Amino acid sequence: MSLPGLAVALTALPALALQPPRRPAPSEPVFFTALERAFVTAAVDRLLPADELGPGGVAAEVPRYIDLQLAGPWGRGDGRYVAGPMKDGPPTLGDQAIMSRATLYRMCIAALRTLPAGRDFADADPTARDAFLRSLQQGEHEGNQMQGKKFFATLLEDSVSGFMADPSYGGNAGFVGWKLIGYPGVRYDWAPYLKNDGRALDLPLVGTFGPADGYGLE
Amino acid sequence: MATRKPAVDAVVCGFGLTGALVAEALTAQGLRVVALERGSMLRTATDFSPAIQMDELRFQQRHGLMVQPEQSTQTFRHEASGEALPMRDIGAWQIGTGVGGSAAHWAGQAFRLMPDEFRLRSHMIDRYGADIFPDTMTSQDYAVGYDELEPYYDRFEKLMGISGQAGNLRGTIIPGGNPLEGWRSEHYPNPPLARMKSTELFDKTAGSLGLHPYPCAAAHASRPYTNPLGVRMGRCTYCGFCSGYGCGNYSKSSPQTTIIPVVMQRDEFELRSRSVVTRVLIDSAGKHATGVEYVDVSGKTFMQPAEMVFVCSFTLANSHLLLVSGIGSPYDPATGQGVVGRNYAFQLWGAANIVMAGPGYDPWIGAGGLGQIIDDYDCDNFDHRAVPGQAFVGGGYIGLFQYGNQPIGSSSPGVGKDAVWGSALKKQMTNYQNTLQVQSMGGNQSYRDCYLSLDPTYKDPYGRPLLRVTYDFKDNDRRMSRFLVDQCQRIGEAMGGRLLNRVDRGGSFDTTQFQTTHNSGGAVASATPDKGVVNKFGQTWSTPNVFVYGASQFPQTPGRNPTITVGATTLLGLDGVVKTYIKSPGAMVPA
């Protein structure tokens, strides 16, 4: 059976449609303002620092991952149940607020970006940033538009996701997160390796969309 | 005004596992069947391709195959006097949507229940006396026994291509299998999955402790397999993307890989996806269903007339549809009267996480059912009064699974004030290759004040009240959870591991922390109409042309995963429908 129509249709498609997804090029933030991006970068730098174990969250481009996520359905909170009435309950009944993740970042960064000493968090030294993040986690910045504990937990969760998610989401650049833990990537058939018992694998690291150069910048 | 569709013999509400079984059984008899499914059509080739599914963020972390709360959720409260609030995010359980339902994204642990489980109340009273049951505990015997169900277990395992090792073949104990299991008429259709270093270690250690380890029966084909319907499955590749994902390799047993390809080709069958059944329609006498009302993706309302109505949604949605349709009497915890929503139970999953001295476990490799198990602490295989003053009803399997651990889920920093961050978090992440988990699937008893009802305040997108869950862990079950996790820890330390942390259910139920999706009850199958909604054939006592299938039939939650028993009880019910009901419609069990 010949399918001339199909052949014509395929050659007529723009080349782009046949390419695997490419890593988004670095650019201006999509959601964050420059100030917000600086705050998040400064925080990620402490939540997942570069250290003797290797590169950290900034080298993995976690801030860009968070920016892209907040610009989309995850940031908007699509899919949540948001019907009223709105009431507070115990934490075990879950988050009852209808504020989106994107709004939480925007509101909390505005409320928290200036440290008590008057300096901007993004410009503070690592020790001062650590101290401030710890005070957020311990609940010392609550009320008056500030939800320090929730914001800290959100930042930390998103940082880990960005460090460890497939690089097509914009973080885990160069597979930095996966290299740290020795995750060898996404492979369709591990059956030949069932008796590998932890020996080093002579295999290139691959993500959902292929090897590292599959995520290369245009 | 609803548009009236041409009448059919049967309408199926929900096209997951039980709905697919209904459609297959009835179309094989030449009956015309329409299935209405809330979610989308999902096909292995186009929706479950490895290049789509092997994406932890999208599917496991962001619940790509699950129903979103804005479409369907529940309200929750811990006690009947409290005010329920909506579960606004996916949390404690993850319920699938789309064709295949939760049987498309399940892990694939394919357990039968043990014979004692079916007569839990009678057996425990015989052995320990009635005192072991607190007054408020409403756990009861199943409507069927193991011997009666065995042929249907066997049929279902062959349909699904289950991989496992028989331990008790018609009374003969087979080395390498589970010596404590109920008798089996035949071997599993496929041999067990491969073992790995982690499961070998568990096997050796448990054996040395005098326990009885065996390979978990798995819903992943260990070799190429063709099921009795002629549907072919491919050998599992141990890619590690099972729980939370659709299988792109035709290896994990699901409606897509075992039943649907056949049913879709039958002229008697029609699937309408993205169609939400809003209520079952009952005649004015209240004893006979005339069909269902549903809303399609464009928002139009239709009426589908049918001679038989099959309620085949997930456990929670089954009770919801019965309650909003006025089928059966709603349960009232104050009087103990009524049946719809009664005996709702969850599960008390627990674990001991242990750190081994070195790496070597290749945690990225695996399959959802690849594990070694012991049943020494389930059913009556142990003394429930072993710990003085701490007697309990219940139990569960204990095992070690090599699921395929993905990087985000393996890197959790913890929660709240104790969450780890900075270099300490990176160091903790590097335990990825030497952390093992010994887990327990603790059962859950039913209680007078744990039940499902309609919420007085919160509504779904169709204007119906949300389902309200009233539930908390009870002391009996907390004791069970602690006992099981003690055993997990003992085995894990004997394996040479250092305890990292324990997960046991000592406190109150937390809707935000994923535990399992194993919800039970609400539309219980019972021997008499005062103790449940349906008879053993899944036929409602109140409305004989309405049938309800799923774990909603379980009178309490067993100490293992439900799916194989869901399949077997559905096949038993359908056998009755085909042999008896369609020839002579009416109540199949006298009330």
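This is a predicted model: local features need pLDDT of at least 70, side-chain atom pairs count only at pLDDT 80 or more; totals for chains, interfaces and linings use all residues.

Reader: What kind of peptide bond runs from G84(A) to P85(A)?

Author: A cis one, with omega near 0 degrees.

Reader: How many helices and strands does chain A have?

Author: Chain A has 8 helices and 4 strands. Read from the N terminus, the order is α-α-α-α-α-α-β-β-α-α-β-β.

Reader: What makes E61(A) buried or exposed?

Author: Count its neighbours. A residue is buried if 20 or more other C-beta atoms (placed from the backbone) lie within 10 Å of its own, exposed if 12 or fewer, and partly exposed in between. E61(A) has 26 of them within 10 Å, so it is buried. You'll find E61(A) in the loop between α2 and α3 (62-70) of chain A, and its phi is positive, about 65 degrees, although it is not a glycine.

Reader: And how do you know which class D197(A) belongs to?

Author: Same test: D197(A) has 14 other C-beta atoms within 10 Å, so it is partly exposed. D197(A), in the loop between α8 (176-181) and β3 (206-207) of chain A, is another residue other than glycine with a positive phi, this one near 50 degrees. Over the whole of chain A, 35% of the 218 residues count as buried.

Reader: Why is α2(A) called roughly perpendicular to α6(A)?

Author: It comes down to an angle between axes, which are lines fitted to C-alpha atoms, for helices over the stretch in contact, with angles from 0 to 180 degrees between N-to-C directions. Under 35 degrees counts as roughly parallel, over 145 as roughly antiparallel, 65 to 115 as roughly perpendicular, and the rest as oblique. The axes of α2 (residues 34-47) and α6 (residues 126-137) of chain A come within 10 Å and cross at roughly 90 degrees. That puts the pair in the roughly perpendicular class.

Reader: Which residues make that contact?

Author: Contact means that two C-beta atoms, placed from the backbone, lie within 7 Å. From α2(A) come A42(A), A43(A) and R46(A), and from α6(A) come P126(A), R129(A), D130(A) and L133(A).

Reader: What makes α9 of chain B come out close to its expected span?

Author: The expected span is 1.5 Å times one less than the number of residues. Helix α9 (residues 197-208) of chain B has 12 residues, and its first and last C-alpha atoms are 16 Å apart, close to the 16 Å expected. The buried residues of α9(B) are S198(B), T199(B), L201(B), F202(B), D203(B), T205(B) and A206(B). They pack against β17 (371-374), β18 (396-401), β19 (435-442) and α14 (475-494) of chain B. Just after α9(B), G210(B) takes a positive phi of about 85 degrees.

Reader: What makes β5 and β20 of chain B edge strands?

Author: Two strands pair if DSSP finds at least two bridges between them. The open sheet has 4 strands in the order β5-β4-β21-β20 (chain B), with mixed pairing. β5 and β20 of chain B each pair on one side only, and that makes them the edges. β4 (residues 74-77) of chain B has 2 bridges to β5(B), running antiparallel, with T75(B) partnered by P86(B). β4(B) also has 4 bridges to β21 (residues 465-470) of chain B, this time parallel, and Q74(B) stands opposite L467(B) there.

Reader: How many residues does each chain give to the contact between them?

Author: Chain B gives 57 residues and chain A gives 49. On the side of chain B, α13(B) has the largest share, 5 residues.

How values were computed: Residues are numbered from 1 along each chain as its sequence is written. Chains are lettered from A and ligands numbered from 1 in the order in which they are written.
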